[in-house]
Amino acid sequence: MARMKFLCDADRCIECNACVTACKNEHEVPWGINRRRVVTINDGKPGERSISMACMHCTDAPCAAVCPVNCFYTTADGVVLHSKDLCIGCGYCFYACPFGAPQYPKVGNFGSRGKMDKCTYCAGGPEADGSKEEYEKYGANRLAEGKLPLCAEMCSTKSLLAGDGEIIAQIYKERVMKRGYGSGAWGWKTAYRETIES
Amino acid sequence: MASFGRLIRLAFGACALLLVITATPASAQQVNPTASSVKEQQLLHELNRIQGRVSIPDQRSGVLEQPQGREWREFRNVTLRWIGGVAIIGMLAVLVIFYLTRGMVRLESGRSGRTIVRFTLFERFVHWMTASCFVILAISGLNITFGRPLLLPLIGFEAFSEWSQWAKYAHNYLSFPFTVGVVLIFLMWIAGNLPNKVDVAWIKRGGGIVGHDHPPAYRFNAGQKMIYWIVVIGGGLVAATGYELMFPFYISGIEGMQMAQIIHSVVAVLFVAAMIAHVYIGTIGMEGAFEAMGSGEVDLNWAREHHSLWLDEQSGRTGPNDQKPQPVTAAAE
């Protein structure tokens with residue numbers, strides 16, 4: 001089985017935010033929630049880099065470890081998903097997540113936390129693949145259709161890569177070799193406890 | 001001729017282009033834009049977090065990475081369970097051993113049959129409002145920390161989630177009457193709970209917990225004062241940190257919330273352990289103690305044994321009262 005990962009080649013990202021928009025549209029993500037965002041570091045200064053970030057689908061995911069109701073599960077592809085039926089909206093996964101991935105719709109008591117929402121790697125949730133219930137709760141299930149996450153698929157500069165970890169790491173390594181530089185696989189060390197040597 | 005002029009210009013252009021190409025050093029063609037670029041590991045090493053600018057309205061999502069969630073995870077899953085387990089099970093064990101060896105603290109002079117008002121209806125209402133909120137807050141809070149390893153395997157995912165969802169609602173809503181209760185307790189009993197010299201003597205004599213000693217005390221003895229300050233300070237801390245967690249990002253960012261959860265949970269489990277001892281001494285631990293918060297009136301002999309100075313004060317206020325222990329037979333009338 002593949003081990004699905006995201007890799008953002010920061011030397012290619014032009015901060016067009018198309019991944020953010022595509023994600024919101026594909027999954028009809030509720031107002032106020034962004035499953036993916038582009039963060040620009042040292043904006044306007046020499047050495048500025050933009051990184052597109054969502055849930056990294058960590059190895060030994062912290063969100064799953066701290067969840068009081070154990071609503072997370074990891075698929076055979078290494079995708080970290082959760083059940084909105086079990087989620088109680090406590091906010092613990094958000095405290096533990098290194099990437100700020102979990103988001104909460106403001107529908108609960110005092111307008112605080114409803115059921116948690118996060119990037120599903122376009123792989124839906126525990127409901128039947130492609131079902132109406134799954135779409136309403138988690139958005140499209142592209143993985144079940146044999147497609148990769150839309151954010152990476154439509155990235156105009158092919159900065160954002162999605163797919164099997166070893167394959168996208170190989171693609172990145174070849175790029176670095178060819179162009180002679182690379183600022184590294186952002187978030188990999190934190191998420192997967194490994195990095196791509198270049 | 002015009003065509004000759006054009007030829008000359010072309011030749012000059014070609015020469016100039018050749019000059020530019022040959023003048024450019026070969027090394028400059030290999031540009032390395034990452035030489036000056038931001039480095040992930042360097043940023044993490046410097047600040048332990050990476051923050052930037054986002055163009056979406058949610059400015060808080062500008063935090064790209066905050067790996068200190070790992071330390072918080074370790075605290076939440078390991079450290080807190082140890083602290084809570086040792087504090088609560090340890091307290092229960094101590095009380096069981098104490099009960100089996102010392103037993104109930106009896107009324108040594110028996111019941112007089114005459115009572116004195118210890119807590120007014122309002123005081124009892126505030127006490128029980130705070131106490132009932134506390135019990136539900138404690139159970140629903142402990143469920144968040146210990147429910148997954150202890151209760152979930154017994155009742156299954158759906159039932160456990162359903163219960164935890166209601167427990168969360170209860171925890172959020174009951175925090176308000178609980179906070180009101182803590183504030184009222186602070187205000188209405190502060191006068192009797194300021195430490196004084198009597199407390200030093202009381203503590204030196206071990207509060208008379210062991211043996212048959214009855215060190216003098218005013219309305220509240222040193223042990224009760226400790227409970228009072230645990231409630232006021234502990235209650236204040238759990239309330240403040242709890243509201244910080246209930247209203248995310250109003251007060252602090254993510255590290256602030258991690259810290260708030262740590263303070264909230266550690267204070268809470270110690271609070272629970274202290275309240276178990278409080279419940280023990282107020283019920284099966286001491287004869288005649290529960291009435292103080294039950295009916296609000298305690299037996300005169302109970303007051304004399306445990307709060308002699310307070311009884312003197314009250315007697316001075318309400319008129320002459322014989323200081324000898326009342327005969328036990330009076331209770332039978």
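Two residues are in contact if their C-beta atoms, placed from the backbone, lie within 7 Å. The model shown is predicted.

**View 1. The contact between chain A and chain B.** Chain A gives 43 residues to this contact and chain B gives 50 residues. On the side of chain A that touches chain B, the elements giving two or more residues are strand 2 (37–41), strand 3 (49–53), helix 2 (62–66) and helix 3 (92–96) of chain A. Strand 2 of chain A supplies the largest share, five residues. By class, this side of chain A has 23 nonpolar, 16 polar and four charged residues.

**View 2. Helix 8 and helix 9 of chain B.** Helix 8 (residues 222–246) of chain B packs against helix 9 (residues 254–282) of chain B at an angle of about 150°, and the axes are 8 Å apart. Angles over 145 degrees count as roughly antiparallel, so the two helices are roughly antiparallel to each other. Their crossing is left-handed. Helix 8 of chain B contributes residues including Ile230(B), Gly234(B), Leu237(B) and Thr241(B). Among those from helix 9 of chain B are Ala260(B), His264(B), Val267(B) and Phe271(B). The residues of this contact divide into 12 nonpolar, seven polar and one charged.

**View 3. The bend in helix 4 of chain B.** Helix 4 (residues 121–150) of chain B bends by about 55° at Ile144(B). Ile144(B) is one of the buried residues of this helix. Others among them are Val126(B), Cys133(B), Phe134(B), Leu137(B), Asn143(B) and Gly147(B). The buried residues of helix 4 pack against helix 3 (69–101), helix 5 (152–155), helix 6 (157–189) and helix 9 of chain B.

Technical notes: Residues are numbered from 1 along each chain as its sequence is written. Chains are lettered from A and ligands numbered from 1 in the order in which they are written. This is a predicted model: local features need pLDDT of at least 70, side-chain atom pairs count only at pLDDT 80 or more; totals for chains, interfaces and linings use all residues. Helices (H or I, at least four residues) and strands (E, at least two) are DSSP runs, numbered from the N terminus. Ala, Val, Leu, Ile, Met, Phe, Trp, Tyr, Cys and Pro count as nonpolar, Asp, Glu, Lys and Arg as charged, and the others, Gly among them, as polar. Axes are lines fitted to C-alpha atoms, for helices over the stretch in contact, and angles run from 0 to 180 degrees between N-to-C directions. Angles under 35 degrees count as roughly parallel, over 145 as roughly antiparallel, 65 to 115 as roughly perpendicular and the rest as oblique. A crossing is left-handed if the near helix is turned anticlockwise from the far one by less than a right angle, and right-handed if clockwise. The bend at a residue is the angle between axes fitted to the seven residues ending there and the seven starting there. A residue is buried if 20 or more other C-beta atoms lie within 10 Å of its own, exposed if 12 or fewer, and partly exposed in between; C-beta atoms are placed from the backbone.
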